[in-house]
Amino acid sequence: MSKNKKIMFGLSLAAVAIMIMFFSTMPSAGSKEVSIEELMTKKDIYQDEYVLTQGLLKEDSIKWNADKIELKFEIFEEGKTKYLPIRYEGVKPDNFSDDVIVIVEGFLREDGVFEAEKVQTKCPSKYEGEDPNNYDAGMHKKMNENKQD
Amino acid sequence: MYLIGNIALILGIVISLYSLAANIVGLKRKDRRWLESARGGIMSLAFVTSIAAFLLFYILGTSQFQYQYVAAYTNSQLPLIYKLAAFWAGNAGSLLLWTFLLSIYAAIIVFNKKKQNSMIPYVSIILLLNMLFFYIVMVFNANPFEMTDTIPADGKGLNPMLQNPGMVIHPLTLYMGYVGLAVPFAYAIAALLMKKMDAQWIKLTRRWTLTAWLFLTLGNIIGGWWAYLELGWGGYWAWDPVENASFLPWLTVSAFLHSVMIQERKGMLRTWNLSLIILSYILSLFGTFLVRSGILTSVHAFGDSNLGTYFLVFMAFMMLFAIYVVATRYQLIKKESKPIEAYFSKESSFLLNNFILVAAAFAVFWGTMYPLISETITGTKVNVGAPYFNKVMAPIMLALILLMAICPLIAWQKAVFDRFIKNMLAPLLTAIAFAIILVAIGVKGLYAIIGLTVTVFMFAVHLTEFWRGICARRKATKEGFLKAAIQLTRKNQRRYGGYIVHIGIAIIAVGVISSQAYSQEVMKTVNKGETFKVGHYDLTFKNLAETNKNGNGIVYANLDITYKGKDDGSIKPEKIFYATWPEPSTEVAIKSNWKEDLYVVLSSWESKDKVTFVVKINPFVSWIWAGGIIMLIGTAIALLGGKTTSSLRVKSQQAGGQK
């Protein structure tokens, strides 16, 4: 075998080792992304799994306990009426209001409450200013109220 | 002005089409006049694009809200600097910035008549293709000079998160890096098209590549600095898809910068270098595509638009084109490549370095794309977050730092093992002593201690390299210490510039490892006058107050700090209520010293007397920024030096003989 080939052989062994490392860390480090609907209807499947889900914040559901640093709120899917209750030990993220999209990661408890380990907010379009022609704060609010009926 | 802007963009398409045609005709007929005309076309392209760019600056600066772009990203109260920086706040403007930079780069390449060589027409064809694409996108999809139907009284204002000095420079530096990669790519393809298999294209683009790499480095570090100051979660890197997108080309270009040295000296690794630069260029397009396509959820992304498709098509086109060119000339490349002569040589250690860097790039790419991959295969989207990246990248980066420590000690061609061991001894003992001290003073955390020890080892190796060089020089020339140090670096700028960059990386590594392993966080709700403890700090909440600045309301808390019982001043974390933004934004307060940052966030308040804080102690974070500056200095030294490689080869052999 030439030296070049031997070096190549050694490097490919290392490559295999690194690939194994990728795959072995993957499941433990990942979070499954599921919809609220699926999470709530198939409770037992997702019981002990670390999942990620997202939905719109129901503003009047926010309960913030400053002394315990505990945040409780509910999120829902656009156009649906199921509310997922969430408990989070931590502070309110920025922009935590109105029809902001909330991304949560954590576990679904047996009693149906989602124990979040991570709460993030996302504006529908973070860096883009809202379209000045189409955006109407009042209209958005109304849309939300209608959804809640 | 609407007319001028749009005419400039349309002229952009027309001129780039014409110059493309002129180049091709000139090459076919071997007619200098056509090529001259194409050269003129590129110069006028730079002129036209500059007009468009200055026009956009002008309408932004003077708040002409009849333009959609101005109305969407600024308002009249915004400080002038942010009005101007809104240039790259949105899609259309950032595309114009890209085109502007590219046209200037292209003009620089063709500008000097004396430096013309036979590659230039080919190079300009590739760059023109790029520019044409961007002009087409701007005219048909993201025109920065679009008008509004009715002129609004005031604009929407700039997103508060973007109102930070980081925003002014971070995108700019990153774009300069991205765009700069187009130049070595164009040269590589040009060399292939002309079937020139020597290392000339590498020599001609060494400064371009190094500059692009420098800007990528700066862009990433400034991005981290901005996230740290502005986003209020106490970190600087979140492995977000968009951050990864700018990290990927950095990794591959870092590999390229090392492997080209082997080709320059030894004529090895031709295919590899070509592949690396093509990959880097494609990754720079990929980054732009990722930001604009909305295929991955990211806090950084621009709003959804069909721009992603444009980029995907262009990226695929360029990639297939590059692969085609390489494949058709593969036999030619292969014929002139030389094999490696010994395992234990600088060549093979550089090869290993390349392998690790590319593996790192692949690991990042894999993690970034995994949600899409898993969705295609299993149907469920699995997001991999920071834990995956930390787990996979930590050992890879450790291996890289270890290699950086060993590499400078290995000679070219065939290293002598005894001398290698002898040179390594002092730094190794230093590192071991350092580890023992860490354990003795009660530092916990095995991985962090290993990481820090390896970093110290790497650092010490580079210092002793300098030391040895200086001593040898003093012996020969009887110069003073400082003069010898300066002369040594000046005589061999590429080598010692590189070493300084490595030292910068060691400093950054200290910051990253210790802030990852030893940061502390406390979340606490306190009443007025109450004191709470974080690490060695005692914080006393004095009061909550209000003020006004630039038309924005500011609520801030006053906290008194004592450090280990001694008075250490006060700190004022804020929440800013921007007039144009519905929600207040966190403005972090940071108290920095050489070994740690006290990072205080005013989270919320129940009343004037009851407030919730998040307080973090992040050790050695300021070292990351300092390391960045050292990297900048090192790269600048390497950039300015090393005109010709042949003279360098002679010199380095002499230096090698002295050791």
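I will talk about the predicted model shown above, starting with confidence in chain A and then turning to chain B.

For chain A the mean pLDDT is 75, and 74% of its residues reach 70 or more. Among the elements of this chain, strand β4 of chain A, residues 83–88, has the highest mean pLDDT at 94, whereas helix α3 of chain A, residues 137–148, has the lowest at 37. Over residues 125–149 of chain A the pLDDT is below 50, and beyond near neighbours in sequence this stretch has 42 contacts in the model.

Now to chain B, whose secondary structure comes to 21 helices and 11 strands. Its radius of gyration is 27 Å, which agrees with the value near 26 Å that a compact globule of 659 residues would have, and its C-alpha atoms fill a box of roughly 80 × 75 × 60 Å along the principal axes. Of the 659 residues of chain B, 57% count as buried, and the chain exposes about 27600 Å², of which carbon and sulfur atoms supply 66%.

S103(B) lies in helix α5 of chain B, residues 91–111, and counts as buried because its relative accessible area is 0%; leaving aside residues up to four places away in sequence, S103(B) touches L45(B), A46(B), T49(B) and M131(B).

I10(B), by contrast, is found in helix α1 of chain B, residues 2–29, and counts as partly exposed because its relative accessibility is 45%.

How values were computed: Residues are numbered from 1 along each chain as its sequence is written. Chains are lettered from A and ligands numbered from 1 in the order in which they are written. This is a predicted model: local features need pLDDT of at least 70, side-chain atom pairs count only at pLDDT 80 or more; totals for chains, interfaces and linings use all residues. Side-chain values use heavy atoms; hydrogens and water are left out. Helices (H or I, at least four residues) and strands (E, at least two) are DSSP runs, numbered from the N terminus. Buried means under 20% relative accessible area, exposed over 50%, partly exposed in between (1.4 Å probe, protein chains only). Contact means heavy atoms within 4.5 Å. pLDDT is the predictor's confidence in each residue, from 0 to 100. The radius of gyration is taken over C-alpha atoms; the globule rule is 2.2 Å times the number of residues to the power 0.38. Accessible areas come from the Shrake-Rupley method with a 1.4 Å probe; for residues, only the protein chains shown count as cover.
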